[in-house]
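Here is a short briefing for a first look at this structure. Start with the sequence and the model, then read the points below.

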Amino acid sequence: MAFATLDLARIRAEFPALASDTVFLDNAGGSQVLARVADRIHHYLLHDNVQLGASYRASQEAGERVLGARRAVAALVNAVHDDEIVMGPSTTALIGTLVEALRPGLRPGDEVVVTESDHEANIGAWERLAQVGVVVRVWPVDVASMGLRLADLEPLLGPRTRWVAMTQASNILGTVNPVAEVARRVHAVGARLCVDAVAYAPHRLVDVQASGADAVVFSFYKVFGPHHAVLWARRDLLLSLPSLNHFFIGQDVIPYKLQRGNVNYELSYGCAGIVDYLRDVGTALGATGGDRSRMQAAFDAFARHEDTLAEQVLRWLRERPGVRIIGLPSVTAGERVPTISFVLEGRPSEAIVRGVDAHGIGIRFGDFYARRLIEALGLQAYGGVVRISIAHYNTAEEMDRLLVALDAAGV
Ligand SMILES: Cc1ncc(COP(=O)(O)O)c(C=O)c1O
């Protein structure tokens, strides 16, 4: 079924910050926040801010709101059970929590695999398992294609492999990785897969079941919400983990045993506004059916629009002398999200970004905490890459402004 295109004026009106003159193209760093998310947080704090779990009415009602938000996030990621949703402050913290809970079940000589192209959030916590004798293997990036090749994973998997940690989309390359195929191979050796979906979730509808992964993590501040994050993990896996909470919060108490102290109620409640928004966008596009089919229609429209904008930028970059695009050089169906990185021969990336700053356009340079990828690709000499990261609320006119600014900055 063909749906209408995005009504960008209506979309942009949902994000008050977009009324300013700034062109926001650092969305992979942090996206703008929906007014309806901020309104929910505001409302919760001013009207519902009581401790949960008491018998009085206000506490019961607030508890329902926070639980409702968990259900909304479960729908967003297609979790089978809402108690598979663990919330926390950041992706880094939640992966740390997962690994801490896994550690007592690992033995010296067990193996984990991390990639060379991940953000450090999904590497460092796993690598620290070496302190308890776990062997850490690295899935290298193929420098020629700048991608992760399945053929390079194969020799790293074996009977002692317990976990593989990888990213669903690179926050530098924009490449979408074949996580379902990786999951099949990982499961074939009896291991599990942890997926960092931070760079993927703003651009594609997360589907934890279709991903084949055992754990999926991302942060809402990149998905139009606040600094809050979600870890989904399979129920059987969660139940097998020890409690990291107080001693009387038992192993069967999910997700609370991994949400030490209290989860942030107001931010959790706010995040349900993201789901409302996606569903409403899908409905406005003509989608019918359940929430997920409406959200899917929204993301399909986001992807079409983002691909058009990304190709506008990539085409321009492809024609500039001395520019090296770090990632796939063009938009090919579904294989990249609109996070575009490049270097310019003979120029530090910082000089380009500073030149663009003067035009009121927010882009940035650096390693974006995917330092091992930048090193593997030999890009330290440039001070990392220049990164332009597009969101669905950006416009073709904003891309025109960007290209004028890049030209003026000497690209
Ligand atoms: C791909 C990726 N993973 C993980 C993170 C870390 O997320 P957080 O800041 O929520 O720990 C980032 C942040 O930039 C990221 O881009």
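Ala229 lies in strand β8 (residues 229–233). Helices (H or I, at least four residues) and strands (E, at least two) are DSSP runs, numbered from the N terminus. This is a predicted model: local features need pLDDT of at least 70, side-chain atom pairs count only at pLDDT 80 or more, and totals for chains, interfaces and linings use all residues. Residues are numbered from 1 along each chain as its sequence is written.

- Ala229 counts as buried, because it has 27 C-beta neighbours inside 10 Å. A residue is buried if 20 or more other C-beta atoms lie within 10 Å of its own, exposed if 12 or fewer, and partly exposed in between; C-beta atoms are placed from the backbone.
- Leaving out residues up to four places away in sequence, Ala229 touches several residues, including Gly88, Pro89, Val217 and Phe220. Contact means that the C-beta atoms of two residues, placed from the backbone, lie within 7 Å.
- Ala229 and Val99 are 130 residues apart along the chain, and their C-alpha atoms are separated by 16 Å.
- Ala229 is also one of the residues around the ligand; among the others are Ser90, His119, Asp196 and Ser219. A residue is near a molecule or strand if its C-beta atom, placed from the backbone, lies within 6 Å of it.
- The shell around the ligand has four nonpolar, seven polar and one charged residues. Ala, Val, Leu, Ile, Met, Phe, Trp, Tyr, Cys and Pro count as nonpolar, Asp, Glu, Lys and Arg as charged, and the others, Gly among them, as polar.

**The seven-stranded sheet**

- Seven strands form an open sheet in the order β2-β8-β7-β6-β5-β3-β4, and the pairing is mixed. Two strands pair if DSSP finds at least two bridges between them.
- The edge strands β2 (85–88) and β4 (135–139) each pair on one side only.
- On average, neighbouring strands of this sheet are turned by 20 degrees against each other, direction ignored.
- Strand β7 (residues 215–219) pairs with β8 in the antiparallel sense over five bridges. Here Val216 stands opposite Trp232 in β8.
- Helix α4 (residues 91–102) lies across β2, β6 (192–196), β7 and β8, and runs at about 155 degrees to β7. Axes are lines fitted to C-alpha atoms, for helices over the stretch in contact, and angles run from 0 to 180 degrees between N-to-C directions.

**The four-stranded sheet**

- Another open sheet has the order β9-β10-β13-β12, with antiparallel pairing.
- β9 and β10 (residues 339–344) pair over three bridges. Ile325 has Phe342 in β10 as its bridge partner.

**Helix α10**

- Of the 20 residues of α10, 15 are buried, so the helix is largely enclosed by the rest of the structure.
- Just after α10, Gly286 takes a positive phi of about 105 degrees.

**Backbone details in loops**

- Ile254 and Pro255 are joined by a cis peptide bond, with omega about 0 degrees. Pro255 lies in the loop between α9 (235–240) and α10.
- Phe224 is not a glycine, yet has a positive phi of about 75 degrees. Phe224 sits in the loop between β7 and β8. Phe224 is buried, with 24 other C-beta atoms within 10 Å.
- Asn78, also not a glycine, has a positive phi of about 65 degrees. Asn78 is partly exposed, with 17 other C-beta atoms within 10 Å.
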